[in-house]
Amino acid sequence: METTTARRPLKTRQRQWAKVIAGFLVRQRVHPNLISVLSIFCAALAGVALSSSSYSTPPHRVLLLLVAVAGIQLRLLCNMLDGMVAVEGKMQTKSGEIFNDLPDRISDALILVSAGYAVPDLPYGPALGWCAALLAIFTAYVRLLGGASGLPQSFMGPMAKPHRMATLTAACLLSVVELKFLHPGTLVWIALVVINIGCVITIWRRTAHIFRGLESR
């Protein structure tokens, strides 16, 4: 569950459809912590689909990639709705920070590691997935480090969580037609390379931001 003290700025929270869904969940008294935990299962669905796509025949591979996209987007939807339901339903809890961050770290690992195993026959495929998962967790650590140091948490990119998931989503969607032009999995492999490089830049930017903030006190 997201809290009011560390909420990622998302324009989609202001969309009417998001408010309608959040309002429905509030009326049904669905607890935001449950929505946070559900995001892990959505990520697991995406992960299974991604890893399974590596040894599937073309028609099944296309279906699995689309399932992966659905799992990733449902994970992000849960990440958005938990905070909206918590605030609008006045269901914030003292343990909300745990449900705010821990499911996200698990979800990142499930999706990114699986993306690596979706391209096992390309150079360093699984290693890129594991490295991306580690760096994704590190970006969150640096963000929380800033908060622990008394500064506002920074959600800057270029490869924050929404950017990582958008990159992988685009790769999966484009991979549906890549068999006509590229080796299977090439676009997911490229996405992992971009995510790794982007995460390194993000970690550096967030660390520099914390350094400047602390030194300016």
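This report describes a predicted model of a protein chain, from its confidence to its salt bridges.

## Model and confidence

Residues are numbered from 1 along each chain as its sequence is written. In this predicted model, local features need pLDDT of at least 70, side-chain atom pairs count only at pLDDT 80 or more, and totals for chains, interfaces and linings use all residues, while side-chain values use heavy atoms, without hydrogens and water.

The average pLDDT (the predictor's confidence in each residue, from 0 to 100) of the protein chain is 91, and 96% of the residues score at least 70. Elements are DSSP runs numbered from the N terminus, with helices (H or I) of at least four residues and strands (E) of at least two. Among the elements, helix α7 (residues 186-215) has the highest mean pLDDT, 97, and helix α1 (residues 16-27) the lowest, 89.

Over residues 1-5, pLDDT stays under 50. The model has 25 contacts (heavy atoms within 4.5 Å) for these residues beyond four places in sequence. Where pLDDT is low, the predicted coordinates should not be read in detail.

## Cysteines

A disulfide is a covalent bond between the sulfur atoms of two cysteines. With the cut-off used here (a pair of cysteine sulfur atoms within 2.5 Å), the count is 0 disulfides. The closest cysteine sulfur to that of Cys131 belongs to Cys199 and is 8.6 Å away, which is too far for a bond.

The two residues also have their accessibility classed (buried is under 20% relative accessible area, exposed over 50%, partly exposed in between, with a 1.4 Å probe and protein chains only). Cys131 is partly exposed at 34%, whereas Cys199 is buried at 0%.

## Surface and helix ends

Ile98, Leu102, Ile106 and Leu110 make a nonpolar surface patch of about 330 Å². Patches are made of residues with over 30% relative accessible area and no salt bridge, with like charges joined within 9 Å and nonpolar side chains (Val, Leu, Ile, Met, Phe, Trp, Tyr) within 5 Å. Accessible areas come from the Shrake-Rupley method with a 1.4 Å probe, and for residues only the protein chains shown count as cover. Leu102 lies in helix α4 (residues 96-117) and is partly exposed, at 48% relative accessible area.

Arg27, in helix α1, is exposed at 60% relative accessibility.

## Salt bridges

Side chains of opposite charge can pair when their charged atoms come close. The model has 8 salt bridges, each a side-chain nitrogen of Lys or Arg within 4 Å of a carboxyl oxygen of Asp or Glu. In one of them, Glu178 pairs with Arg61, with the closest N and O atoms 3.1 Å apart. Glu178 is in the loop between α6 (161-175) and α7 and Arg61 is in helix α3, so the bridge ties together parts that are 117 residues apart in sequence. Both residues are buried.

Asp101 and Arg143 form another salt bridge, at 2.6 Å from N to O. This pair links helix α4, which holds Asp101, to helix α5 (residues 125-148), which holds Arg143, across 42 residues. Asp101 and Arg143 are both buried. Asp108 is bridged to Arg105 at 3.5 Å; these two residues of helix α4 are 3 residues apart, or about one helical turn.

## The network around Arg75

A network of salt bridges links Arg75, Asp101, Asp104, Arg105, Asp108, Arg143, Lys161 and Arg164. Arg75 belongs to helix α3 (residues 58-88) and is buried, at 0% relative accessibility. Beyond four places in sequence, the contacts of Arg75 include Asp104, Asp108, Lys161 and Met165.
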